[in-house]
Amino acid sequence: MTSGRAAVFGRRAPLFLALPALLAVGAVLLPLVYLTLRAGPPGSAAWELVEPGPTADLVAATALLVCAVVAATVAVGVPLAWLVARTDLPGRRLWAVAAALPLVIPSYVSALALLGALGPRGLLQDVLEEPFGVERLPEIYGFPGALLALTISTYPYVFLLTAAALRGLDPALEEAAQSLGSSRAGVFFRVTLPSLRPSIAAGALLVALYALSDFGAVSLMQYDALTRSVYLRYQALFDRNSAAALALVLVALTAAVVLAEGWVRRARTVRTSPGSARRPAPIALGRWRWAALAFCALVVGSFLALPVGVLAYWTARGLELGKPVDLPWSEAGNSVFASGLAAGAAVVAVVPLAVLAQRFPALWTRALERLAYVSNALPGIVVALALVFFGARYGGVLYQTLAILIFAYVVRFLPQALAAVSAGLGAVSPRVEEAGRTLGRGRARVLVSVTLPLAAPGVLTGAALVFLSAMKELPATLLLRPIGFDTLAVEIWTATSVDAYSEAAPAALLLIGVAAPFVYALAARLPWEAAAPG
Amino acid sequence: MTALVRLGLVVAVLAASLTASVTAAGRPAALQATKLVVYSGREERFVKPLFETYTRLTGIELEIRYGDSAELAATLLEEGSNSPADVFFAQDAGALGAVAAKGRLAVLPATTLNRVPKRFRAPGKRWIGVTGRARVIAFNTDAVKRSELPKTIWGLTQRRWKGRIGLPPTNASFQAFVTAMRLKVGDERTRAWLVAIRENEPKLYARNSQILTALARREIEVGLVNHYYLYQLKEEQPNAPVANYFLTRRDPGALLNVAGAGVVSASERRVQATRFINFLLSRGAQQFFATSPGRAEYPLVRGVQPRAGLPALAKIQGAGVNIGRLGRELEATLRMLNEVGFTR
């Protein structure tokens with residue numbers, strides 16, 4: 001359980017890792033370069049429009065929301081992951097998939113669905129009004145609505161990363177603790193939870209980045225977050241410069257979050273990978289089974305069934321009006337194709353960076369890894385315009401092709417792959433790699449034949465996270481896609497922008513349906529069913 | 001090992017398709033006159049049939065990038081002289097004004113400009129209004145009788161409306177109305193109106209359309225919106241108890257806003273692009289905007305009638321302010337809305 005600083009790959013970072021890592025971070029930092037160019041030096045006209053008082057209020061409101069969302073997602077995601085990955089919970093494969101699925105629901109769709117269900121005069125009130133005379137529900141607009149919508153869209157980050165870590169956890173540790181007389185709760189809090197810390201922290205980081213960058217939920221719920229103000233500057237003022245200045249404030253806030261996460265994660269590193277593959281025996285829930293089932297039902301019921309139910313209701317209303325339901329299959333194909341490429345590209349881009357940061361701990365490698373996160377709480381429109389800026393100038397024939405769209409996805413979602421791959425690598429003991437080296441393998445071969453297979457759950461999780469995020473990406477897709485390349489997210493937006501909810505709903509349901517098998521492949525690989533790694 | 005094999009496959013597929021996409025999706029030579037690239041802030045669901053008609057009539061392929069008008073405006077500004085776009089068709093004057101102000105739209109010929117009344121053209125001749133939308137008070141017909149509605153926008157400050165008004169403070173059309181009001185009656189009276197409305201505790205929404213659905217649910221009783229959202233709502237909910245109320249002729253609340261188009265100055269197909277705009281101003285296209293299902297925009301070209309039941313265009317003078325001036329004044333409006341507490 002020691003933090004290994006072993007020089008498995010040699011003491012100096014090899015070029016075959018450093019170069020790609022530098023390139024990846026360079027790409028991710030493009031939006032930051034763009035913002036700096038746009039905003040100009042402090043004191044320029046753009047900065048004058050970022051007044052200290054109102055900006056401080058925005059920062060405070062944003063920070064409050066982000067903290068609340070992180071707390072809520074950890075409270076929901078960690079127990080859920082433990083239940084489906086480590087216990088004999090009935091139907092855990094199904095629960096695992098259902099719990100991960102909300103990840104693919106765009107936050108503006110969950111916000112719309114929440115308003116449709118819980119908003120004033122929404123479905124819930126309709127149901128309650130007749131028998132109970134309920135005329136007013138608690139206000140959903142503002143903080144509660146934003147918190148709920150963002151929790152729905154982001155808790156799967158914590159859930160998936162924690163579940164992946166639980167899968168890689170060596171049961172020997174827990175068994176040892178138990179044999180030494182620890183109670184089950186004691187084992188969980190003293191052994192399991194600390195081992196999960198890097199993964200929970202990585203998941204929480206992704207949640208925080210998402211909450212910082214989200215515009216859809218906060219605008220629909222009318223919560224005054226920084227992104228809402230950034231968007232306002234584009235949409236109402238047509239002022240790219242002051243929008244950039246305000247976006248840089250968001251970057252500063254992100255930097256604080258990223259540093260905090262790095263500190264939490266490094267506070268105590270725990271290696272947990274199995275030296276030899278072993279399947280942990282599922283923990284019998286016994287009489288707690290019903291409580292566990294109720295918890296899963298509550299989470300899945302409110303976070304998946306509720307939005308899906310509202311979408312189904314909208315679809316039904318369309319059918320009632322005699323509108324034909326056309327499922328946008330070719331758009332679904334485009335979504336899967338582009339998102340699949342993005343997932344592959346992101347993982348390839350991220351592995352050198354993650355290995356560098358984990359196996360060659362130095363100030364510069366750690367800084368590089370942290371830098372990759374910093375520009376990624378930027379709202380989608382900022383990233384999209386940055387790539388419009390560079391693409392139109394230097395992209396040549398690549399501008400507005402699939403290639404630049406994939407590039408945009410990678411720039412936007414690389415941190416998700418990074419978080420998952422790092423968490424996966426973090427659980428792999430350098431001792432195993434040393435063994436590989438002593439057996440005469442080269443550095444690159446050890447990486448490929450020992451490290452990556454052991455980190456496979458993390459790598460696959462990273463690919464899946466990027467895939468699912470790209471499936472619902474909208475701002476960059478609209479501005480950078482090849483003309484006519486419609487994705488499901490575009491289709492949903494096209495319908496909601498004319499308030500044709502009865503047309504948007506089937507597309508949103510198809511998005512969830514198409515993502516489901518991928519989520520299934522990802523979430524249902526329970527440790528005692530999956531093939532042993534390595 | 002399976003993970004590695006999978007990873008390898010992904011890399012191979014990625015490399016192959018990137019090469020394919022570059023060669024296949026790369027833009028063809030810019031000088032081909034058989035196509036036009038249109039950046040459209042108007043919704044695809046609505047304008048697509050019209051664009052298809054254009055292609056049928058002329059044989060010219062339209063490549064249309066749909067998006068939010070403001071985001072497309074920002075895109076045009078970032079692309080600058082490298083823009084692949086030929087035409088910008090925007091939802092509102094503000095977006096067109098922002099692009100025109102940086103010289104990214106070309107001056108239109110008089111033959112095009114003369115098709116619409118002067119108040120619907122850009123002062124700098126770089127864009128032209130295509131259709132109009134009137135600001136109205138939409139109301140829930142179960143909750144309010146038409147005769148109870150105020151003659152002017154000032155009537156909404158009465159206590160009777162406390163907690164019953166819906167507004168979209170961040171919506172461009174609403175902000176254009178406040179700007180027009182400032183230009184007409186001055187900052188002081190506009191601010192007084194905003195403060196009085198604020199004290200009436202209105203419910204705030206992001207979009208006009210949300211106000212319509214809120215009205216249908218009786219979440220609110222009156223809402224300040226554009227007139228055509230009603231027709232959109234009735235497509236989804238034919239029996240919704242909602243109707244439009246047009247304010248008196250000179251009331252600042254009766255502003256007429258426009259959607260418009262301009263030719264991108266970086267375009268190498270400007271003549272063709274201008275012809276496309278002429279098409280949007282043709283009688284057939286104007287009628288399409290005015291009467292297709294769910295829509296009821298005001299045609300701006302002389303001699304084309306609006307949808308039955310709407311007051312004539314000449315009757316909606318609003319503040320009598322040239323809409324081309326609204327964009328420049330927007331910032332002061334936003335500051336005011338911010339100070340009064342409607343936005344941040």
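This is a predicted model: local features need pLDDT of at least 70, side-chain atom pairs count only at pLDDT 80 or more; totals for chains, interfaces and linings use all residues.

Reader: Is R250(B) buried, partly exposed or exposed?
Author: Partly exposed, because its relative accessibility is 46%, and buried would need under 20%, exposed over 50%.

Reader: Which residues gather with R250(B) in a patch of positive charge?
Author: K184(B), R249(B) and K315(B). The patch lies on the surface.

Reader: New topic: strand β7 of chain B. How many of its residues are buried?
Author: Five of the five, residues 222–226. The strand is therefore largely enclosed by the rest of the structure.

Reader: How does β4 of chain B pair with β7(B), parallel or antiparallel?
Author: Antiparallel, over five bridges. Strand β4 covers residues 128–140. Within that pairing, I137(B) stands opposite L224(B) of β7(B).

Reader: And how many bridges join β5 of chain B to β7(B)?
Author: Two, and these strands run parallel. Strand β5 spans residues 165–167. G166(B) has G223(B) in β7(B) as its bridge partner.

Reader: Over to chain A. Which residues form the nonpolar patch on the surface?
Author: L319(A), V325(A), L327(A) and W329(A). Together they have about 390 Å² of accessible area.

Reader: Where is L327(A)?
Author: In the loop between α14 (289–320) and α15 (329–359) of chain A.

Reader: What's the relative accessible area of L327(A)?
Author: 39%, so L327(A) is partly exposed.

How values were computed:
Residues are numbered from 1 along each chain as its sequence is written. Chains are lettered from A and ligands numbered from 1 in the order in which they are written. Side-chain values use heavy atoms; hydrogens and water are left out. Patches are made of residues with over 30% relative accessible area and no salt bridge: like charges are joined within 9 Å, nonpolar side chains (Val, Leu, Ile, Met, Phe, Trp, Tyr) within 5 Å. Accessible areas come from the Shrake-Rupley method with a 1.4 Å probe; for residues, only the protein chains shown count as cover. A salt bridge is a side-chain nitrogen of Lys or Arg within 4 Å of a carboxyl oxygen of Asp or Glu. Lys and Arg count as positive and Asp and Glu as negative; His and the chain ends are not counted. The place of a charge is taken as NZ of Lys, CZ of Arg, CG of Asp or CD of Glu. Buried means under 20% relative accessible area, exposed over 50%, partly exposed in between (1.4 Å probe, protein chains only). Helices (H or I, at least four residues) and strands (E, at least two) are DSSP runs, numbered from the N terminus. Two strands pair if DSSP finds at least two bridges between them.
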